[in-house]
Amino acid sequence: MLLKIVWKNIMDKRLNSILAVLLMAFGIGIISLLITVGKQLQDKFAKNISGVDMVVGAKGSPLQLILSGVYQIDSPTGNIALSELNMLRSNPLVKELIPLSMGDNYKGYRIVGSNEKYLQHFKAELKEGRVFEQPMEVVVGATVARNLDLKLNDTFVSSHGFEADGHSHDDQVYKVTGILEYSNSVLDNLLVSDLASVWLVHAGHEEGEKQGHEEDGDHDEDADQEAAADQEPGAEQASHEPEVTCALVKFRSPMGLMSLPRLINQNTKMQAALPAIEVNRLFELMGIGMDAVKALAAAIMLISGVSVFITLFNALKERKYELALMLSMGGTRVKLFFMLLLEGIILSLSGYVLGILFSRTGLWLASGALKRGYNYTLEQQFLQKEEIYLLALALFIGIVAAIIPSAGIYKINISKTLANE
Amino acid sequence: MLETHSLEFHYGESARFVFPDVRCAPGNTLLILGNSGSGKTTFLNLMALLLPPARGEVRINGTSATGLPLHELPGFRARNIGLVFQKPYFVNALNVRDNLLMANYFAGNPPDKSRVNHLAESLGFFGLLDKRVTELSGGEQQRVGIARALMNSAKLILADEPTSALDDLNCGKVAELLESQAKENGAALVIVTHDQRLKSRFPYQITL
């Protein structure tokens, strides 16, 4: 009965209630979305970083080098000579060095030339098939295989650059020899071949392009654009010295961290970037924006509390007679106090539930957008620890907003109110 | 069954009210008449246990109600006294049926739906049970108010100006219903009013 009265009263003040619930929902939704998205991005970033102590590549922005080399989301900085890498490999401080060569894609998913160590680095397991053994054989990440419906022994030609509609290399055909299990890493969104495949594809490509130049002089603009936008490996190289895009390096000891980056940056044409530092920098930059939005969301939640307060305060004035009536009918002040309090709690709780729903819908939409943009997906998760704190915060705001109006029940003089004096 | 003994109430030092002793047996009706300021509302509040008397005693059903500890008062009132107000106050968000069942709830009794139907039928608002109270006319509201006072089978019905907001036709109807329902339920009925129209109707009356 008490719940019925509470509910009917909420429904009686429908518009006020909706306002309070919506405000709370927006506040909660924004904060929860930021928390879950931020957390998942950080997880993804951390997972992909793990084990990589240093990335070496062509000189340029260190952040760009990390984003392209470790996360496969930005354009590479350029190319480096394999011979220079081999010198680095022989350094006693280097435990492992995984060369990566990029430049092509298949329907928007990057083809990375590397070796088996790259797969082992992510502890990837084969769902079916085998690892590439000779040029033009490729192992397909789980997400790629699912989205492009690739199966064993399928063949395809790659497109140049990282856009699906780039120039296609029709003369070299890749063959799928293996499909990977989900590793929840960047590998899910990649196709991995050996280094030679990338060289092979681009050797042919270079010749083809040169022919094009000879036949048609107007192609200069296109070629320049392509070279600038795609940083195509070997585009400007006349010699056929093998090149790669970058390399992931693991150190044997922390000593490597101390000496190697400086050594490389000062003495070679390559650049060394430390993922831990660059990613921290990235999150610091993002964190400022996130904090600002969180503060805004907290303000919205607070306004929701004020709206609950005003609703209940007005209701108490209007319902003075009802409350006096209930008191005269045997209702105790404690009971009625909790009845009013319950109104505030129900409003903020429904705001919380709606807010979490908003957040999950937002997550779903963001996941769709990220998938289109970066081939990254976010997972729908159960309540996060921070969201439990949010629940406590929402309840706290609801209770604080309701407690002052509710306490008014103790000031009602039954006989005077009912006698309408 | 109601008895009062040498009740007194003070509003500060200047306004002291000393009330006559009254008795009202089950099935009987006592009319208490008085003009504004005569203290008749105060008298009703004392009998309804809404105000504590400065002196004196109220006995209801043989229990000295004024001697009860404070925390037992709301429950005792809910079980033994049915109140009818001049303006029939309701919980506006609830419909007529729930407003009646609310009386059961606050008295700590299980909801008595058959009593709602029975009272609604005998008071003539059965068709209005699912309406919101704000949609009812003044006379209809007052009849629902009477039904609510009877929901817990109270042995004492206290009515405060139950007819003064009503026209002559409704005044007669409401007075008649009050009397007949109190008789049917074996309750003592005390009406406090300045409404002269009721004078001729109830022979047993005192004037403050």
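This is a predicted model: local features need pLDDT of at least 70, side-chain atom pairs count only at pLDDT 80 or more; totals for chains, interfaces and linings use all residues.
Chain A has 421 residues, of which 40% count as buried. Its secondary structure consists of 14 helices and 13 strands. Among contacts in chain A with a separation of 6 or more, 79% join residues 24 or more positions apart. Chain B has 208 residues, and 45% of them count as buried. Six helices and ten strands make up the secondary structure of chain B. Here, residues 24 or more positions apart account for 73% of the contacts with a separation of 6 or more.

The two chains touch. The contact involves 23 residues of chain B and 20 residues of chain A. On the chain B side, helix 1 (40-47), helix 2 (73-80) and helix 3 (96-107) each supply at least two residues. Helix 3 of chain B gives the most, with seven residues. By class, the side of chain B that touches chain A has 16 nonpolar, four polar and three charged residues.

The largest nonpolar core holds 106 residues. Within this core, B:I157, B:L158 and B:V190 touch the most other members. A second, separate core has 49 residues, including A:V70, A:Y71, A:A247 and A:L260. In soluble globular proteins, nonpolar side chains tend to be buried together.

Leaving aside neighbours within four places in sequence, B:V190 is in contact with B:L2, B:C24, B:L30, B:I32, B:M47 and B:L158. B:L158 also touches B:A48. B:A48 is found in the loop between helix 1 and strand 5 (55-60) of chain B. B:A48 has 24 other C-beta atoms within 10 Å and is therefore buried, the cut-off being 20 or more. Besides B:L158, the contacts of B:A48 include B:R77, B:I81 and B:L83, not counting residues up to four places away in sequence. B:A48 and B:I81 are 33 residues apart in sequence, yet their C-alpha atoms are 7.0 Å apart in space.

In chain A, helix 2 packs with helix 10 (residues 275-318) at an angle of about 165°. The axes of these two helices are 8 Å apart. Angles over 145 degrees count as roughly antiparallel, and helix 2 and helix 10 of chain A are therefore roughly antiparallel to each other. The crossing of helix 2 and helix 10 of chain A is left-handed. By class, the contact between helix 2 and helix 10 of chain A has 23 nonpolar, eight polar and one charged residues.

In chain B, helix 5 (residues 138-150) and helix 6 (residues 168-184) cross at roughly 10°. Their axes come within 10 Å. Angles under 35 degrees count as roughly parallel, so helix 5 and helix 6 of chain B are roughly parallel to each other. From helix 5 of chain B, the contact is made by B:G138, B:G139, B:Q142, B:R143, B:I146 and B:L150. From helix 6 of chain B, it is made by B:N170, B:K173, B:V174, B:L177, B:L178 and B:Q181. By class, this contact has five nonpolar, five polar and two charged residues.

B:S6 is not a glycine, yet has a positive phi of about 35°. B:S6 lies in strand 1 (residues 2-11) of chain B. With 12 other C-beta atoms within 10 Å, B:S6 is exposed. B:S153, also not a glycine, has a positive phi of about 50°. B:S153 is placed in the loop between helix 5 and strand 8 (156-160) of chain B. B:S153 has 15 other C-beta atoms within 10 Å and is therefore partly exposed.

A further position was examined in chain A. A:V400 is found in helix 13 (residues 385-407) of chain A. With 14 other C-beta atoms within 10 Å, A:V400 is partly exposed. A:V400 and A:L341 are 59 residues apart in sequence and 9.1 Å apart in space, C-alpha to C-alpha.

Methods. Residues are numbered from 1 along each chain as its sequence is written. Chains are lettered from A and ligands numbered from 1 in the order in which they are written. Two residues are in contact if their C-beta atoms, placed from the backbone, lie within 7 Å. Helices (H or I, at least four residues) and strands (E, at least two) are DSSP runs, numbered from the N terminus. Ala, Val, Leu, Ile, Met, Phe, Trp, Tyr, Cys and Pro count as nonpolar, Asp, Glu, Lys and Arg as charged, and the others, Gly among them, as polar. A nonpolar core is a set of buried Ala, Val, Leu, Ile, Met, Phe, Trp, Tyr and Cys residues joined through C-beta atoms within 7 Å. Axes are lines fitted to C-alpha atoms, for helices over the stretch in contact, and angles run from 0 to 180 degrees between N-to-C directions. Angles under 35 degrees count as roughly parallel, over 145 as roughly antiparallel, 65 to 115 as roughly perpendicular and the rest as oblique. A crossing is left-handed if the near helix is turned anticlockwise from the far one by less than a right angle, and right-handed if clockwise.
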